[in-house]
Amino acid sequence: MSEDLTSIRLIKAFLPQLPNLLREEWLDGRISTEMDMSHCIYYHLRRRMPDRFTILSNVTLSGITISKQSASGSFLMPDLIIIDNDRNESIRILFELKLDNHSSAFPEHIHAPIDADFRKLKKFAANPVLSKQLACGFFVYLYKCSKWSEREITAKIMEKLDHTKLKAIAVNRYQDKNGKYVDDLERRDTDRMLRNRNRFKVGG
């Protein structure tokens with residue numbers, strides 16, 4: 001694989017390909033947790049980027065909080081960041097990831113952890129230090145729902161984020177790469193195949 005993502009502009013232009021790459025990984029059984037999501041995104045980006053860029057996961061950003069209390073001594077941890085080593089290791093892109101295990105999208109159920117991720121991204125984009133470095137931030141949301149399409153969920157997330165530097169990537173397991181919903185039989189077969197992929201019984 002050639003290292004063709006040689007600039008932030010090219011990385012941003014590549015990211016719209018992520019939904020179908022993640023869909024394939026999910027349907028192939030390679031994603032069952034948010035850590036798996038992180039690994040897949042890392043894989044698809046790192047193999048295409050030169051050493052100028054470094055991807056890091058769960059780094060600590062100190063002096064920032066989503067609470068109303070003082071930010072002194074506090075910190076937040078984005079799921080993934082891309083730093084530019086040619087620009088004093090500035091944080092250029094960051095990601096918050098969410099794998100929703102409900103059988104519906106977040107507007108249909110209690111979603112406090114998702115709301116917290118929205119607030120985190122907005123804090124990152126508004127931070128006076130980080131905002132000068134940041135080209136964009138992404139909320140990547142994997143879910144399964146027969147009611148809310150990827151287009152509708154993306155629009156809903158963008159309403160929540162409400163910032164020009166923040167973007168949404170939504171992947172609905174019940175839709176194919178063209179946006180068409182798969183039939184009930186295929187859904188049931190996929191659900192059965194992917195159920196409990198992160199839990200294996202080895203005794204007892």
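How do the residues of the lining of the largest pocket divide into nonpolar, polar and charged? The lining comprises 4 nonpolar, 4 polar and 6 charged residues (Ala, Val, Leu, Ile, Met, Phe, Trp, Tyr, Cys and Pro count as nonpolar, Asp, Glu, Lys and Arg as charged, and the others, Gly among them, as polar). The structure is a predicted model, in which local features need pLDDT of at least 70 and side-chain atom pairs count only at pLDDT 80 or more, whereas totals for chains, interfaces and linings use all residues. Residues are numbered from 1 along each chain as its sequence is written, and side-chain values use heavy atoms, with hydrogens and water left out.

Of the 14 lining residues, N101, K144, R173, L194 and R195 lie nearest the centre of the pocket (an open set of points on a 1 Å grid over the protein atoms alone, where a 1.4 Å probe fits, with protein on both sides within 12 Å along at least five of seven lines; lining residues have an atom within 4 Å of a point).

K180 is exposed (over 50%), with a relative accessible area of 59%. K180 and L121 are 59 residues apart in sequence and 30 Å apart in space, C-alpha to C-alpha.

Methods
Buried means under 20% relative accessible area, exposed over 50%, partly exposed in between (1.4 Å probe, protein chains only).
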